[in-house]
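Subject: Structure handover

Hello,

The structure we discussed is below, and my notes on it follow. Please read them with the model open.

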Amino acid sequence: MSVRRLADDVYQPAEFSFTKENQIWVKNTIKKYPAGREQSAVIPLLMRAQEQDGWVTRAAIEHIAQILSMAYIRVLEVATFYTQFQLKPVGTKAHIQVCGTTPCMLRGSGELIKVCQKKIHHEPFVTNQDGTLSWEEVECLGACVNAPMVMIFKDTYEDLTAERLEEIIDAFEAGKGSEIAVGPQSSRKSSEPISGLTSLLDDEKEKKSLKSLKKDKERMKT
């Protein structure tokens, strides 16, 4: 694993505090852990801080250390170890995580990376000029059967083509990301085989579904 460091001081805010809503969430989350084990809440609190600000700042680490009565270095160790924590500013509208593990690679993740390089920035973890978009390549995101795929925030977008990813990026840039359906971007439902169902084909609806899936399979080959 490469060394992960906090962002330069020029990017670091002077202070951090949870919103009132998140303060209530933090208290309720800590209560879930047995007495004397409250420090086990460090990962959920770091994730909440990231969801609030988009990335994990030094001030957030210091604040969480104070809440959990932990040494700063202990919280820093957690934040720098797990790659799910963004230690530098990312796109304010979308940070796109492109799966580059073998199944996605074989199914065209390289083309998705090229789209990100063209529409956002050639280098990962660097925002576009407006600071609204960024991207990175990550390891397996758990939707191998629907490869290739990306994750934006907590949602996955699967069965992607380069053209479809461009449309998704444009939608997020325009503030319309919520209008994009999550999951497979083809006509398949969930993780059904891309070649179509092989059973339960008695009614016309299932047969039409099979034909549609076969068309998607041919489209993804081109």
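R188 is buried, with a relative accessible area of 5%; buried here means under 20% relative accessible area, exposed means over 50%, and partly exposed covers what is in between (1.4 Å probe, protein chains only). The model is a predicted one, in which local features need pLDDT of at least 70 and side-chain atom pairs count only at pLDDT 80 or more, while totals for chains, interfaces and linings use all residues. Residues are numbered from 1 along each chain as its sequence is written, and side-chain values use heavy atoms, with hydrogens and water left out.

R188 sits in the loop between strand 5 (183-184) and helix 8 (204-221). Its C-alpha atom is 9.5 Å from that of N146, and the two residues are 42 apart along the chain. The loop that links strand 5 to helix 8 also holds S190, which has a positive phi of about 55° although it is not a glycine.

Overall layout

The protein chain has eight helices and five strands, where helices (H or I, at least four residues) and strands (E, at least two) are DSSP runs numbered from the N terminus. Their order along the sequence is α-α-α-α-β-α-α-β-β-β-α-β-α. Taken along the principal axes, the C-alpha atoms of the protein chain fill a box of roughly 60 × 40 × 35 Å. Of the 222 residues in the protein chain, 41% are buried. Among contacts (heavy atoms within 4.5 Å) between residues at least 6 apart in sequence, 64% join residues at least 24 apart.

Helix 1 (residues 20-30) has N22, V26, T29 and I30 buried. These four cover an arc of only 90° around the axis, which puts them on the same side of helix 1; the arc is that of the directions from the helix axis to the C-beta atoms. K20, E21, I24 and K27 are exposed on the other side of helix 1. The buried residues of helix 1 pack against helix 2 and helix 3 (58-67).

In helix 3, the buried residues are A59, A60, I61, I64 and A65, and the buried residues there pack against helix 2 and helix 4 (72-81).

A pocket, on a 1 Å grid over the protein atoms alone, is an open set of points where a 1.4 Å probe fits, with protein on both sides within 12 Å along at least five of seven lines; lining residues have an atom within 4 Å of a point. The second largest pocket holds about 410 Å³ of space, the volume being the space filled by probe spheres set on the points, which are joined across faces, edges and corners. Its lining has 13 residues, and M47, Q50, Q84, F153 and K154 lie nearest the centre. Helix 2 (42-53) and strand 1 (94-99) are the elements that give two or more residues to this lining. Helix 2 gives the most, with three residues.

By class, the lining has four nonpolar, seven polar and two charged residues. Ala, Val, Leu, Ile, Met, Phe, Trp, Tyr, Cys and Pro count as nonpolar, Asp, Glu, Lys and Arg as charged, and the others, Gly among them, as polar. Both domain 1 and domain 2 give residues to the lining, so the pocket lies between them.

Loops and backbone

Most residues other than glycine have a negative phi, and most peptide bonds are trans. F153, one of the residues nearest the centre of the second largest pocket, has a positive phi near 60°. F153 lies in the loop between strand 3 and strand 4 and is partly exposed, with a relative accessible area of 48%.

The peptide bond from A147 to P148 is cis, with omega near -5°. P148 belongs to the loop between strand 2 (133-138) and strand 3 (150-152).

L160 is in the loop between strand 4 (155-158) and helix 7 (162-173). L160 is buried, with a relative accessible area of 3%. Its C-alpha atom is 7.7 Å from that of P184, which is 24 residues away along the chain.

Regards

How values were computed. Domains from an automatic or database assignment.
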